[in-house]
Amino acid sequence: MVLGCFRERTYMMTMNPHLTHWMPIAVPLDKWIIWPPPFDYPPAALGPCTGLFVLFFKFYDAMGLWAAPSSYVMTSGQAQHQFPQLDGPNMKYVSVFYEGVHNDARTNLAIALTAAMHGACVTNYTGLREVVFNKDGVATGGIVSDLSNPGKTESFPVKAKKIIYAGGPFTDQLRQKSEGPATTEVVNASGGTHIVLPPYYCPRQMGMVD
């Protein structure tokens, strides 16, 4: 999975340089020995004092074929300059690695406009009613409903060589349209919480993982 993410990241950074950029991510360490150990892996408890985490991020760089800027280490003083809210005196050091960031809204718009330029049928405010199959059981398109006018819903056919279920956590509901209501669920969705903090907690040019 990680290697697949690296391939996708490299592709996005190469094909859309105007919509992507590298973002340094800080990992603060305020203990020489971490307990309980990260990922319930006891040797990882010695990561800060042995430099294991530093080596891990170098290995992370190598797995990405060194496409990203190299990871590095910040001293507690440098970290407190970047993150004034950190407990500087108790901070041992901060490991920094890089991840790719892209503007997903503009990326989706660019994909749609490129597809339209090459003759694709691009619609918005539409819903897939059913998948159309040929006599051999191969999907050849779908019946799509126009949802832009709730009081007057109209449907129309769309031909397709391939159908991609890009439904995220709702993929199983989409699969039911082609495989039937008895379709075995394969998506194990997970939920999370987003906390929005004031801008002085973190600089705009650097993120943090704790």
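Let's start with helix 3, which gives the most to the lining of the second largest pocket, with 5 residues. Keep in mind that the model you are looking at is predicted. Two elements, strand 1 (20-29) and helix 3 (52-63), each supply at least two residues of the lining.

What kinds of residues make up this lining: nonpolar, polar or charged? The lining of the second largest pocket divides into 21 nonpolar residues, no polar ones and 4 charged ones.

How can empty space be found in a model at all? Rolling a probe the size of a water molecule over the atoms shows where empty space is left. With that picture in mind, turn to the largest pocket, where about 1000 Å³ of space lies. Its lining is made by 23 residues, and the ones nearest the centre are Cys121, Val158, Lys162, Ile163 and Ile164. The elements that give two or more residues to this lining are strand 4 (126-133), strand 5 (139-146) and strand 6 (154-159). Strand 4 gives the most, with 4 residues. Sorted by kind, the lining of the largest pocket has 14 nonpolar, 7 polar and 2 charged residues.

Now let's look at charged side chains that pair up. The structure has 5 salt bridges. One of them joins the side chains of Arg9 and Glu99, with an N to O distance of 3.1 Å. This pair links distant parts of the chain: Arg9 sits in helix 1 (residues 2-15) and Glu99 in strand 3 (residues 93-102), 90 residues apart. Are the two partners buried or partly exposed? Arg9 counts as buried because its relative accessible area is 10%, and buried means under 20%. Glu99 has 23% relative accessibility, so Glu99 counts as partly exposed.

Another salt bridge is formed by Lys31 and Asp30, whose closest N and O atoms are 3.8 Å apart. Lys31 is partly exposed, at 46% relative accessibility, and Asp30 is partly exposed too, at 42%.

Follow the chain to helix 6 for a further example. There Glu179 forms a salt bridge with Arg175, and their closest N and O atoms are 3.0 Å apart. Glu179 and Arg175 are 4 residues apart in helix 6, so about one helical turn separates them. Glu179 is partly exposed, with 46% relative accessibility, whereas Arg175 is buried, with 13%.

To find Tyr201, look in the loop between helix 6 (171-179) and strand 7 (207-208). Tyr201 counts as partly exposed because its relative accessibility is 36%.

Note on methods. Residues are numbered from 1 along each chain as its sequence is written. This is a predicted model: local features need pLDDT of at least 70, side-chain atom pairs count only at pLDDT 80 or more; totals for chains, interfaces and linings use all residues. Side-chain values use heavy atoms; hydrogens and water are left out. Buried means under 20% relative accessible area, exposed over 50%, partly exposed in between (1.4 Å probe, protein chains only). On a 1 Å grid over the protein atoms alone, a cavity is a set of points where a 1.4 Å probe fits but cannot get out, and a pocket is an open set with protein on both sides within 12 Å along at least five of seven lines; lining residues have an atom within 4 Å of a point. Grid points are joined across faces, edges and corners, and a volume is the space filled by probe spheres set on the points. Ala, Val, Leu, Ile, Met, Phe, Trp, Tyr, Cys and Pro count as nonpolar, Asp, Glu, Lys and Arg as charged, and the others, Gly among them, as polar. A salt bridge is a side-chain nitrogen of Lys or Arg within 4 Å of a carboxyl oxygen of Asp or Glu.
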